[in-house]
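Open the model in your viewer and keep the selection tool at hand. The stops below go from the whole chain to single residues.

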Amino acid sequence: MSPQDIKASFEARQHAVSELRRLVEDVDGAEFNAEQQAEFDRQNTAIDDLDARIRSGLDHIEREAKAAEALDEFRAYGDLTTPHESAVDPTVDEETLFRQLVTGEIRSFTSLPSERRDMTKGTATAGGNIVHSTMFDRIWDKLEEESQVIKAGATVINTASGEDLLVPKVTTNPGATLTDEGVALTEHQSVLGQVTLGAFKYGSLCQVSTELLDDSLFNVGNFVTRIGGQAVTRALGTDLSNGSGSSKPKGIAQAATSFATSATATTITAANLIEVWSTMPTPYKNTDTAWIISPEAIKLIRLLVDSNGQYIWQPGLQADTPANLLGYPVYIDGNIDAATSGKRAVVFAHMPSYAVRIAGGLKVDRSDDYAFNTGLVTFRFQLRGDGDGIDDNGIGCLTQA
């Protein structure tokens, strides 16, 4: 009811009261006749109705006033009515975020790769001096140290989330036929399959005493990153090399096609390696191709000579330069099996033919409750990833008899 309606009701009530008084004055103490009694009852009923209408209108106005007052008071708390997109300010650098995690201001954050554009970090003068690495970057460096597969140049696919990723897989390349002029061409089709890359979770807990956290002279961030990062990257790196593919990534050794078989379970000959090398299709033998070999197999290969008595193993003569075998770099991977029966100790791969999927970033969480009775703060690291071959022609191995 509007204020105008209430005002009109007041005026109607005053008129009804006036009519009632006039009726009483006309009777002047005598009893009402039937018509006067009916008029008297009608005016009283009208007054009662108008009183109820006026009271209802005033109550409505009062409620509206209180609601407006409450809304104004609520809006005074601006931070309560302003929506927040995230619990962690995305503009804050990760050093600050980790400090807030250590001090208990936040309980969790996800580290993503740092953004890099035209300049490169490899050369300081080309941009390396201005790159601020994230915790994910430092973990990735650890992963490259732990995983020779990634270091050797596997295809890396980063996705924001962890739903299954379907990747086309080449099983047979198309051919071609020499055709005379005017003769219909023969159709040749490549054979394609499909690889599903999931997001297997690798996690680790790292506990730090509250006393250590209070020691401002100690770089807790580097310490926890190193310990927690090594744990998750070592586990993922192991499976990228030799995982079975059952409830875990399929490692490059298990994704390989057997190109040759050794004569005995514990021997490797120069002829075996040359057979593996020669079986690889020529288009796949380029600067992206490398050997990934177990340390035990390396001991055998270093002693091998060709028909001219020359060692086929050529050690790298500079720091961070891989050794060379038949013209291709060698990466020694402790996760690859030793040369024993049925194992794959030597892998020869066109590295882009193997894909590594990383889902999201590195998730770091803190808990003060998990080990409360011991005075330890627990940091949890989680990294999700998968791996599998995406081109059967480009990944081969030597199978031990």
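**Whole chain**

Colour by secondary structure: the protein chain has eleven helices and 14 strands, where helices (H or I, at least four residues) and strands (E, at least two) are DSSP runs numbered from the N terminus. This is a predicted model, in which local features need pLDDT of at least 70 and side-chain atom pairs count only at pLDDT 80 or more, while totals for chains, interfaces and linings use all residues. Residues are numbered from 1 along each chain as its sequence is written, and side-chain values use heavy atoms, with hydrogens and water left out.

Of the 401 residues in the protein chain, 36% are buried (under 20% relative accessible area; exposed is over 50%, partly exposed in between; 1.4 Å probe, protein chains only).

**Helix H1**

Select residues 3–27, which form helix H1. Its 25 residues should span 36 Å at 1.5 Å a residue, and the end C-alpha atoms are 37 Å apart, which agrees; the expected span is 1.5 Å times one less than the number of residues. Show side chains for the buried residues of H1: Ile6, Ser9, Ala16, Leu20, Leu23 and Val27. Just after H1, Asp28 has a positive phi of about 55°.

**The seven-stranded sheet**

Next comes an open sheet with mixed pairing and the strand order E6-E14-E11-E7-E10-E9-E8. At its edges are E6 (257–261) and E8 (313–314), each pairing on one side only; two strands pair if DSSP finds at least two bridges between them. Helix H10 (residues 270–279) packs on the sheet, touching E6, E7, E9 (323–325), E10, E11 (344–350) and E14 (395–399). Inside the sheet, E7 (residues 289–293) and E10 (residues 328–332) run parallel over three bridges, with Ile293 opposite Ile332 in E10.

**Cores**

Select Ile252, Ile292, Val347, Met351, Tyr354, Phe379 and Phe381: these have the most contacts inside the largest nonpolar core, which has 43 residues. Such a core is a set of buried Ala, Val, Leu, Ile, Met, Phe, Trp, Tyr and Cys residues joined through side-chain atoms within 4.5 Å. Apart from it lies another core of 25 residues, among them Trp291, Leu304, Ala339 and Val346.

**Pro322**

Which loop holds Pro322? Pro322 is in the loop between E8 and E9. Pro322 counts as partly exposed because its relative accessibility is 29%. Beyond neighbours within four places in sequence, Pro322 is in contact (heavy atoms within 4.5 Å) with Gly316, Pro329, Val330 and Tyr331. To finish, draw a distance from Pro322 to Ile332, ten residues apart along the chain: their C-alpha atoms are separated by 8.9 Å.

Key. Axes fitted to C-alpha atoms, helices over the stretch in contact; angles between N-to-C directions.
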